[in-house]
Amino acid sequence: MRRGACRIATALAAATLVVSHIWNKFPSWGPRKEFDRSESYESSRLGLSLQRPPGSLRKSWGATQEASQGAWNRLRGGARQQLPSDDSDSDEDYKSTWIYQHTADRPFLCEINPDWIRDTFNLYGLQHKVPHYEMCLRRILDYDIGFDKLPAKRAAEVEQCCEALYGMIHVRYIKCPEGLERMRQKYERGDFGVCPRALCSGYRLLPVGMTDQIRLRPVKGYCPNCKDIYHIRVRHASTIDGAYYGRSFPHCFLLRYPHLQPKSQPVQFTPTLFGFDVKYPELPTADEYAQAEAEKAERERRAKEEKEQAEHEKREEEARVEAEKALEHGPPDNPPAVAVPDKNGEDIAMTA
């Protein structure tokens with residue numbers, strides 16, 4: 001036991017001497033500087049370290065940190081910033097990616113992080129929903145699939161499948177924390193338009209789909225203030241499928257950011273005539289109206305059946321009366337002749 005304790009003490013003393021020697025050798029490093037947690041998180045996502053480098057590298061440290069910050073801002077869906085001149089090639093490569101070209105003119109769509117797409121857990125269940133799944137996935141991630149060598153008809157089909165696959169991934173991505181943050185930035189910039197209702201005073205809209213199946217209905221706008229859905233009058237909005245957002249995205253978004261919810265009830269319009277309020281009769285709800293229409297159709301069907309039954313009974317009664325009259329008067333003296341075919345197929349006139 002004593003020998004083990006002595007060895008531990010000796011090792012600690014040697015480590016202390018080494019640390020003090022390094023500290024004295026680089027006094028310009030100084031104490032460790034505190035930094036923002038968000039900055040540490042963003043730099044860690046880019047694979048950088050926030051420790052201060054030696055004095056010979058401090059001049060390039062600021063440019064490197066600025067470039068990494070700009071790259072992360074673009075990755076998060078914020079305003080695209082121009083990179084320094086020495087990174088112009090990387091900026092051109094970034095703008096030539098399929099995701100950038102697909103979302104550059106469509107402010108409704110988010111630029112999905114390629115690393116998020118590479119995680120197969122996020123794509124579970126999509127393999128059987130899109131034709132040419134592997135080829136489309138590789139094209140979205142900018143892998144070489146020989147797309148330029150495909151025939152025009154096959155290339156157009158693959159491109160449509162790529163858009164459908166990206167939309168299916170998009171509806172999942174915008175509900176994760178990273179995607180919700182990007183959608184919040186777009187919402188605060190007003191990329192989704194404003195509510196056309198005058199009493200909402202330009203309240204910003206959220207994208208919503210009327211169905212979860214693709215290629216059925218385009219995207220609509222949901223107003224959190226009046227809680228109604230409107231047609232969006234934004235460029236390219238009519239060409240975006242509503243299934244790329246789903247029916248539950250606005251509610252997921254408002255639960256994630258409760259401070260963006262309206263603080264009061266929406267203002268309701270009150271009709272007046274010569275200073276007096278006009279009271280219109282209360283209209284039924286959609287369900288009540290549908291139920292009333294169904295009951296009306298059922299009554300009409302029963303009335304039609306009863307009418308047909310009465311007519312049938314009337315015809316039967318008339319036939320019965322005619323038969324009774326015929327029995328009372330007896331058979332006629334000269335019954336009409338009836339044609340009966342013989343064995344050769346010729347008709348023979350016979351009396352009844």
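Predicted model: local features only at pLDDT ≥ 70, side-chain atom pairs only at ≥ 80, totals over all residues.
The side chains of Arg-139 and Glu-159 form a salt bridge, with a nitrogen-to-oxygen distance of 3.0 Å. Arg-139 belongs to helix H7 and Glu-159 to helix H8, so this pair ties together parts that are 20 residues apart in sequence.

The protein chain has eleven helices and seven strands. It contains 352 residues, of which 28% are buried. Among contacts with a separation of 6 or more, 57% are between residues 24 or more positions apart.

I turn next to the interior. In soluble globular proteins, nonpolar side chains tend to be buried together. Here the largest nonpolar core has 46 residues, and Ile-117, Leu-165, Tyr-245 and Phe-253 have the most contacts inside it. Two or more residues each come from helices H5, H6, H7, H8, H9 and H10, and from strand E1. Helix H8, the element that carries Glu-159, gives the most to this core, with nine residues. There is also a second, separate core of six residues, including Cys-200, Leu-205, Cys-223 and Tyr-230.

Residues up to four places away in sequence aside, Phe-253 touches Leu-180, Met-183, Arg-184, Tyr-187, Leu-206 and Leu-260. Several of these names return when we consider how two of the helices meet. Two packed helices are described by the angle between their axes and the distance between the axes. For H9 and H10, the axes come within 11 Å and cross at roughly 95°. Angles of 65 to 115 degrees count as roughly perpendicular, and H9 and H10 are therefore roughly perpendicular to each other. On the H9 side the contact is made by Leu-180, Met-183, Arg-184 and Tyr-187, and on the H10 side by Phe-249, Cys-252, Phe-253 and Arg-256. Of the residues in this contact, six are nonpolar, two are charged and none is polar.

Is Arg-182 buried or exposed? Its relative accessibility is 1%, so Arg-182 counts as buried.

Arg-302 forms a salt bridge with Glu-298, the closest N and O atoms being 3.2 Å apart. Arg-302 and Glu-298 are four residues apart in helix H11, which spans residues 286-329, and are thus separated by about one helical turn. Glu-298 is partly exposed, at a relative accessible area of 29%. Salt bridges with shared partners join Glu-298, Arg-301, Arg-302 and Glu-305 into one network.

Which residues does Met-135 contact, leaving aside its neighbours within four places in sequence? They are Ile-145, Leu-150, Arg-154 and Val-158. Met-135 and Ile-145 are ten residues apart in sequence, and their C-alpha atoms are 6.9 Å apart in space. Buried means under 20% relative accessible area; Met-135, at 24%, therefore counts as partly exposed.

Key:
Residues numbered from 1 in each chain as written. Heavy atoms only, no water. Core = buried A, V, L, I, M, F, W, Y, C linked by side-chain atoms within 4.5 Å. Buried < 20%, exposed > 50% of the residue type's maximum accessible area, 1.4 Å probe, protein only. Contact = heavy atoms within 4.5 Å. Salt bridge = Lys/Arg side-chain N within 4 Å of Asp/Glu carboxyl O. Axes fitted to C-alpha atoms, helices over the stretch in contact; angles between N-to-C directions. Parallel < 35°, antiparallel > 145°, perpendicular 65-115°, else oblique. Nonpolar A, V, L, I, M, F, W, Y, C, P; charged D, E, K, R; others polar.
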